Amino acid sequence: MSPALVKVLLLYNAFLITLCNASNATSASDLTSTAEPSTTEASNGPIPQPTGPWLSPEYKWFFQYPLPIPPQKQLKLTYHPGSASSAVIDYYEIEVEKCQKQIYPDRAPTEYVGYDGQVPGPKFVMQRGREAVVRFTNNGPFNISTHVHGQYNRAPFDGWAADYAAPGQYKDYYYPNSQNARSIWYHDHTEYTTGEHAYRGLAGGYIITDPQEQSLGLPKDVHDIALALSAKRYNEDASLNYDTNNSVGVWGDVIQVNEQPWPYLNVEPRKYRLRLLNGAVSRTFDVSLAIDHGSRPGTGKDIQFNVIASDGGLLSHPVQTNHLGLSMGERYEIIVDFAGHAGQNITMRNARGLGENIDYAATDLVMRFCVGGAVSDNTNNGELPAQLRSIPPPPNIDQPAKNFTFERIDGEWLINGVGFADIEHRVLAKPKRGTDELWVLKNGNGNGTHPVHIHLVDFQVLSRTGGRNTVFPWEAAGMKDVVWLGGGETVTVVARYAPWDGVYMFHCHNLVHEDHDMLAVFNVTQLAKWGYDNSTIFIDPMQPEFRPKNIDPADYEVDAIMRKLAWFYSTDAYNHGNAGGVSSALAAYSARVQLRRKSLAMVMSQMLLRRFSNEHGAICLHSSSSNTCTATPIGSQKWVAE
C-alpha cells in the first residue's frame, strides 16, 4: 500500500471518528424519560423497563470522554542467581497513595486512593516462568493487603486478610507467574474493609502471557484492550459515597469503565480482543453489543462475538454468543469483529433486572465503540482457531462432596454459619495436597448473589440447579476461580488442591458480604511424597519473616534490594521457576491415587462376590440377548470374562 493511499485512508478514518464523536453528546434526557419508561432491546423485541432515579448528581456527559488505558508497569531491577539455567526474579515497586480524578466536569475532582497514585492501577504484564517480587509501599490513608486474584501464590504472599501493612509500612510479595496465560487482577484484601478500599481505587490489571497463547495470532498491542467495569455512587460535591444498604450491597448508579463514566473508544473495522473484568463491589453485569439506532444508543441489531478466555485463561474453544454475564471478580475475554461496521457507533449495553441489582437511570449502558472507516494494521486480524488449548475433562471423584451454604444469619453473611472473625472454627475444609475434591456451593438466601471465589485453585463448573438452572457455555469451556452463585442456586465445582500446601481463603466476591463476614478458610495439608521437597515453611500466611515492615529508606537502596531478592531465591518458594514441575508431580500423584482407589474397589467387589459364592454357590448373570438369568459358579471363565 502506497504512503499516499495510507494517508488518504487515515484522513477518512479521522473524518468518520470526528462524526462519531460529534454524535457522542448524548444528554440524560435522551437516555431516560420521567414521563415514559425507557426501552431496552431484548432478543424478542423492545421490552419496556422502568427507569430508576439518580442517586448521584445527574451525569450528562455520556460517551464524551475517551476510555482511559492504564500504563504498563515497568520493572526496576532483575536478580540473576548466577547459573544460566536458573530462574530470574524481576523486581517492581508500587506506592499506594491518595489521588484525584475528574469524574464530573462541573464539580470538584473526586478523591481516590490508587496504586502509584492512579486509578485503575498500572497494568502488570508478566512472562510465564519469570518470577517477580512486587514491593507495595503504603503511603495511603488506611491499611492494605494486596491479593493477586487468579495466581497460585504461596500463602504468605496471597493477600491474607489479616496480613496488612499499616500506613508507613511496606510488604514484599513474591509471585511465581507460572500458570498458563490469563487475565488476572490485583486488589486490596484487608479484613472487613476490602469492599471500600477497592471501591476507592485499589485495583489494577495483571496479565500472564506465554508462547502457546502468543502462537494463536490473537489481536495484540493497541487491539488488545482491558475493560474493568464498576459502578459507583457520588455525593453532591462529587465525593464517593459508600453506602452498603444495611450490608446488602453497593450497586451504584454511575457505570464506569477503567474508572471513567460511560466512555467511548475509537476502533478500526477489524478484530479486537477485549479483556472484561467485573471489578464492581456488588453489581452483576450481563453485557451485549448493539448498533446505535435512532435516539436511544444500542437499540439496533445485536452483534455476535466470541468468548475465548475466562478466569483460568483460554477456553478449549471459542464460544459464540450475543451476551455475556459477569458476576463480581469474574473475567472473560472476547473477540469482537468491527468489520462491516465502518462509521457506526456500537454501544455496550447491560441487562436490567439481574438478581438483586437495583436499576437506575442509565445502568443499562456501559460504553460506546466508535468504528472508523479504515484499517491501518491487519496484524493478527485473521480467523480464530477452532481450538484454543487442551483442557482435561473433569476427573472422576469417588469421594463424598463437601457442602457449603452461603447465607445471612442474624445480620452477618456466613459460610456454613461461620465467618472469618470466628478464628477457632473458620477452617472449613482440609483437602490433601494434590487431590481432587467436589465442592457443592448452595445459595441459602433468596435472590441474593454470591460470586464464590476460591483462592489457590482453578476449578471446573459441573452443574447448576435452581435459579438459572444451567451451566453456560462460556463457563463450561474453561477453568474458573469465581463462579456466579445466583438466587436459589446450587453449583457443583471440582478442583485439584495444588500445587502448594498452606492456609487459604474462599469467600463471596460481593465485597460487602465478604466484609460482613462471608469469608472462610481451607487448609491444604502436606503430603509425605509429592515430588518436591521444600523445608521452608510457607503454610502460615502470617509467617513472621514475610510480614510487612516499617519503611526504611535504606531498604530501598539497590544493594539492599538485591540482598532481599537473593534471600527470596534461597527460600525456593516456587521450585526455582519450575512450579509447573510441582503441578506435574502432583497430577501424577493424583492419578496414582485414583488408580489405587479403583484397584481397591475391584478387590473389594471380588471379595464380596466370593463371599456370596461361598454362601450360595453361584451368582446370577443376566443375558441381554435372551433376557434370562443363568446361575454361574464364581470361578468360571464366563464370570471372569464378563
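**Working through the model**

Tutor: Start with the contacts. This is a predicted model. Among contacts between residues at least 6 apart in sequence, 77% join residues at least 24 apart.

Student: OK. How many helices and strands does the protein have?

Tutor: There are nine helices and 36 strands.

Student: And what percentage of the residues is buried?

Tutor: Buried residues make up 55% of the 642 in the protein. The protein exposes about 25600 Å², and carbon and sulfur atoms supply 53% of that area.

Student: Which residues touch the most other members of the largest nonpolar core?

Tutor: Trp439, Ile454 and Phe522, in a core of 65 residues. Strand β4, residues 89–101, gives the largest share of this core, with five residues. A second, separate core has 60 residues, including Val254, Leu289, Ile346 and Val512.

Student: Why would nonpolar side chains be together like that?

Tutor: In soluble globular proteins, nonpolar side chains tend to be buried together.

Student: Back to isoleucine 454. What does it touch, leaving out residues up to four places away in sequence?

Tutor: Isoleucine 454 touches Trp439, Phe459, Asp481, Val493, Tyr497, Met505, Phe506 and Phe522.

Student: New topic: how many salt bridges are there in the whole structure?

Tutor: A search finds 35. In one of them, the side chains of glutamate 93 and lysine 76 meet, with N to O at 3.2 Å. Glutamate 93 is in strand β4, while lysine 76 is in the loop between β2 and β3, so the pair links distant parts of the chain, 17 residues apart.

Student: Is lysine 76 buried, exposed or partly exposed, and why?

Tutor: Lysine 76 counts as partly exposed because its relative accessibility is 43%. Valine 558 also counts as partly exposed, because its value is 44%. The C-alpha atoms of valine 558 and lysine 76 are separated by 9.7 Å, although the two residues are 482 apart along the chain.

Student: Where does valine 558 lie?

Tutor: In helix α7, which covers residues 558–571.

Student: What about arginine 182, which residue does its side chain meet in a salt bridge?

Tutor: Aspartate 458, at 2.8 Å from N to O. Arginine 182 counts as buried because its relative accessibility is 1%.

Student: And arginine 331, what is its partner?

Tutor: Arginine 331 forms a salt bridge with aspartate 311, and the closest N and O atoms are 3.6 Å apart. Arginine 331 lies in strand β21 and aspartate 311 in the loop between β18 and β19, so the pair ties together parts 20 residues apart in sequence. Both arginine 331 and aspartate 311 are buried.

Student: Which residues do salt bridges with shared partners join into one network?

Tutor: Glu213, Asp224, Arg273, Arg275 and Glu333.

Student: Last one, aspartate 572. Where does it lie?

Tutor: Aspartate 572 is in the loop between α7 and α8. Aspartate 572 is buried yet has no salt bridge.

Student: What lies 2.9 Å from a polar atom of the aspartate 572 side chain, then?

Tutor: The backbone nitrogen of histidine 576.

Definitions and conventions
Residues numbered from 1 in each chain as written. Predicted model: local features only at pLDDT ≥ 70, side-chain atom pairs only at ≥ 80, totals over all residues. Heavy atoms only, no water. Helix = DSSP H or I, 4+ residues; strand = E, 2+ residues; numbered from the N terminus. Buried < 20%, exposed > 50% of the residue type's maximum accessible area, 1.4 Å probe, protein only. Contact = heavy atoms within 4.5 Å. Areas by Shrake-Rupley, 256 points an atom, 1.4 Å probe, with all protein chains shown as cover. Core = buried A, V, L, I, M, F, W, Y, C linked by side-chain atoms within 4.5 Å. Lys, Arg positive; Asp, Glu negative; His and termini not counted. Salt bridge = Lys/Arg side-chain N within 4 Å of Asp/Glu carboxyl O. Polar contact = N/O pair within 3.5 Å; in protein donor to acceptor, adjacent residues only side chain to side chain.
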